[in-house]
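Hi,

Here is the structure I said I would pass on. Have a look at it first, and then read my notes below.

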Amino acid sequence: MSGSGEVVGVILILIGAAISLISAIGNVRLPDVYTRSHAASKSSTLGVLCTLVGTLLYFVISDGYFSIRLILGIVFVFLTAPVAAHVICRAAYRHQVPLAEGTAQDELKDYYMENENIDNKANLIEKEVKLQVTE
Amino acid sequence: MILETIMIIALCLLMLAILANLYRVVKGPSSADRVQALDSIGINLIASIAVYSVLLHTHAFFDLILLIGILSFIGTVAFARFIERGVVIERKR
């Protein structure tokens, strides 16, 4: 090791790797998709952000090289990881993946039932209009 | 020397994380579990590329971080749309 300032980056990288491992353990042990998405999105994002910031600091301190591409990668991961988790959870709920055994309440149930009915009604109305037009 | 040891330890931790997510990919009861674990594997790959570039002391792999991030996000969104609606790209009639 050439300078003692690099220690900051190295420690951040080690912390990030440990958080990634913890999030993977949560991804194995938690009971269903919706609880697992907490482990897979939040703590995993924190782990990778710690690692990338540690890499950035390491290269800034050791070489004086400030990488714009790494900043872009950090921003992109920070923006897209929650979006991806949300999209997957919505797809799972629409696909009727069952909740875990000990789930207390399901607040989305009424909302999605209403929306499905509205969609069906809208489809029916569209079909009727088309039939009338063709007639 | 100490730096290399710590980086190899971090790579081992990330490899264990990828293995745990791979278990979830194989075993996951629904397909949403598998997609979620694949997304998590992509994020862990990004972190391991960053650690590897520190280990080799090179700047050459930083493009790869951005590229794998974008590809992982697009793949996840496409899979989620496929699970939800049965098609990836909807055509307007």
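Let's start with one residue, Thr55(A). Leaving aside residues up to four places away in sequence, Thr55(A) touches Ile13(A), Leu70(A), Ala50(B), Ser53(B), Val54(B) and Phe62(B), where contact means heavy atoms within 4.5 Å. Thr55(A) sits in helix α2 of chain A, residues 33–63; helices here are DSSP runs of H or I with at least four residues, and strands are runs of E with at least two, numbered from the N terminus. With a relative accessibility of 0%, Thr55(A) counts as buried (buried is under 20% relative accessible area, exposed over 50%, partly exposed in between, using a 1.4 Å probe and protein chains only).

A word on the ground rules. This is a predicted model, so local features need pLDDT of at least 70 and side-chain atom pairs count only at pLDDT 80 or more, while totals for chains, interfaces and linings use all residues. Residues are numbered from 1 along each chain as its sequence is written, chains are lettered from A and ligands numbered from 1 in the order in which they are written, and side-chain values use heavy atoms, with hydrogens and water left out.

How confident is the predictor? The complex gets an ipTM of 0.88 and a pTM of 0.83. Chain B has a mean pLDDT of 90, and 99% of its residues reach 70 or more (pLDDT is the predictor's confidence in each residue, from 0 to 100).

Now the interface. In total, 47 residues of chain A are in contact with 45 residues of chain B. The area buried between the two chains is about 4200 Å², with carbon and sulfur atoms giving 72% of it; buried area is the accessible area (1.4 Å probe) that two parts lose on being put together, summed over both. Phe59(A), Arg69(A) and Ile88(A) supply 13% of what chain A buries against chain B, more than any other three residues.

Then the salt bridges, meaning a side-chain nitrogen of Lys or Arg within 4 Å of a carboxyl oxygen of Asp or Glu. There are four between chain A and chain B.

- Arg36(A) and Asp33(B) meet at 2.1 Å, N to O. This pair runs from helix α2 of chain A to helix α2 (residues 31–56) of chain B, and both residues are buried.
- Asp63(B) and Arg69(A) have their closest N and O atoms 3.0 Å apart. The pair crosses from helix α3 of chain B to helix α3 of chain A. Asp63(B) is partly exposed, with a relative accessible area of 41%, and Arg69(A) is also partly exposed, at 28%.
- Glu84(B) and Arg94(A) meet at 3.5 Å, N to O. Glu84(B) counts as buried at 15% relative accessibility, whereas Arg94(A) is partly exposed at 32%. Salt bridges that share partners join Arg90(A), Arg94(A) and Glu84(B) into one network.

Best wishes
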